[in-house]
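Open the model in your viewer and keep the sequence panel beside it. This tour goes stop by stop: what to select, then what is there.

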Amino acid sequence: MFERFTKDARAVVQGAVGHAEQARAETVEPEHLLLALLDREGSRASFALAALGVAENRDAVRRELGDARRRAGLSQSETEALAGLGIDVTEIVARVEEAHGVGAMSADDRKRGRRWSGHRSFSRGAKEVLEKALRVAVARRDRHIGDEHLLLALALRPGVPAEVLADHGVTHASLSRVLGEGTGEACA
């Protein structure tokens, strides 16, 4: 599948692996793909993010992704749903971090005391994003998979990256308007 990826899309995948390594995460997650997209400049995805105002808010997006990681990957909507049941995730995170240190609930190997060396595999969620990017490209009648297709796929797939993007006004619909051409909605 990677043979259809553009240079920019390959750079995003490599950047995601780099973010996973930096976090000492066992696998590459969809959040790592979004972080790598935020690092890009001069590509279709970076143009779309800038046009939608995310360029000025990159640090806020990174911070929100970090907050979700500290909540063991729970999205804000999941946190709110648990609050409706009387479970205060913020309090739980605070207590766990008080006892075990900041980031104790994140999936970092460093926090579990293991050292990781070698190849990072892609989580099921990250693989779903890559597969959805292919479907988006096909639906848009594109012959390649670019970083814009990865961004569209992240906006389509439920989870923390889509929620964080939506909080900053980046939805599948807004991306489709900015990027033009086909919408790729058939793959949703």
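Which residues of α4 are buried? Select α4, residues 58-70. Its buried residues are R58, A60, V61, L65, G66 and A68. Buried means under 20% relative accessible area, exposed means over 50%, and partly exposed lies in between (1.4 Å probe, protein chains only).

Some ground rules before moving on. This is a predicted model, in which local features need pLDDT of at least 70 and side-chain atom pairs count only at pLDDT 80 or more, while totals for chains, interfaces and linings use all residues. Residues are numbered from 1 along each chain as its sequence is written, and side-chain values use heavy atoms, with hydrogens and water left out.

**Stop 1: around α4**

Now check the helix length.

Next, pick D59 and R62. Their side chains meet in a salt bridge at 3.6 Å, N to O. A salt bridge here is a side-chain nitrogen of Lys or Arg within 4 Å of a carboxyl oxygen of Asp or Glu. The two residues sit three apart in α4, so about one helical turn separates them. D59 is exposed, at 55% relative accessible area. R62 is partly exposed, at 26%.

**Stop 2: the whole chain**

Zoom out and colour by secondary structure. There are 11 helices and two strands. Helices (H or I, at least four residues) and strands (E, at least two) are DSSP runs, numbered from the N terminus. From that end, the order is α-β-α-α-α-α-α-α-β-α-α-α-α. Of the 188 residues, 46% are buried.

Among contacts with a separation of 6 or more, 66% join residues 24 or more positions apart.

**Stop 3**

Select α2, residues 30-39. Nine of its 10 residues are buried. Among them are H32, L35 and L38.

Now pick R40 and D8. Their side chains form a salt bridge at 2.5 Å, N to O.

**Stop 3: the nonpolar core**

Select L150 and L151. Of the 44 residues in the largest nonpolar core, these two touch the most other members. A nonpolar core is a set of buried Ala, Val, Leu, Ile, Met, Phe, Trp, Tyr and Cys residues joined through side-chain atoms within 4.5 Å. Helices α1, α2, α3, α4, α8, α9 (147-156), α10 (160-167) and α11 (172-179) each supply at least two residues of this core. The largest share, seven residues, comes from α9.

Keep L150 selected and list its contacts. Leaving aside neighbours within four places in sequence, L150 touches F5, A9, V12, L37, V129, L130 and A133.

**Stop 5**

Go to α8, residues 124-139. E128 and R124 form a salt bridge, with their closest N and O atoms 3.3 Å apart. They are four residues apart in the helix, so about one helical turn separates them. E128 is partly exposed at 27% relative accessibility, whereas R124 is exposed at 68%.

**Stop 4: out on the surface**

Show the surface. The chain exposes about 9,900 Å², and carbon and sulfur atoms supply 50% of it. Accessible areas come from the Shrake-Rupley method with a 1.4 Å probe; for residues, only the protein chains shown count as cover.

Pick L85, I87 and I92. Together they make a nonpolar surface patch of about 280 Å². Patch members have over 30% relative accessible area and no salt bridge; like charges are joined within 9 Å, nonpolar side chains (Val, Leu, Ile, Met, Phe, Trp, Tyr) within 5 Å. L85 is in the loop between α5 (76-84) and α6 (89-100). L85 counts as exposed, at 67% relative accessibility.

**Last stop: A55**

Select A55, in the loop between α3 and α4. A55 is partly exposed at 33% relative accessibility. Not counting residues up to four places away in sequence, A55 touches L49 and A50.

Key. Contact means heavy atoms within 4.5 Å.
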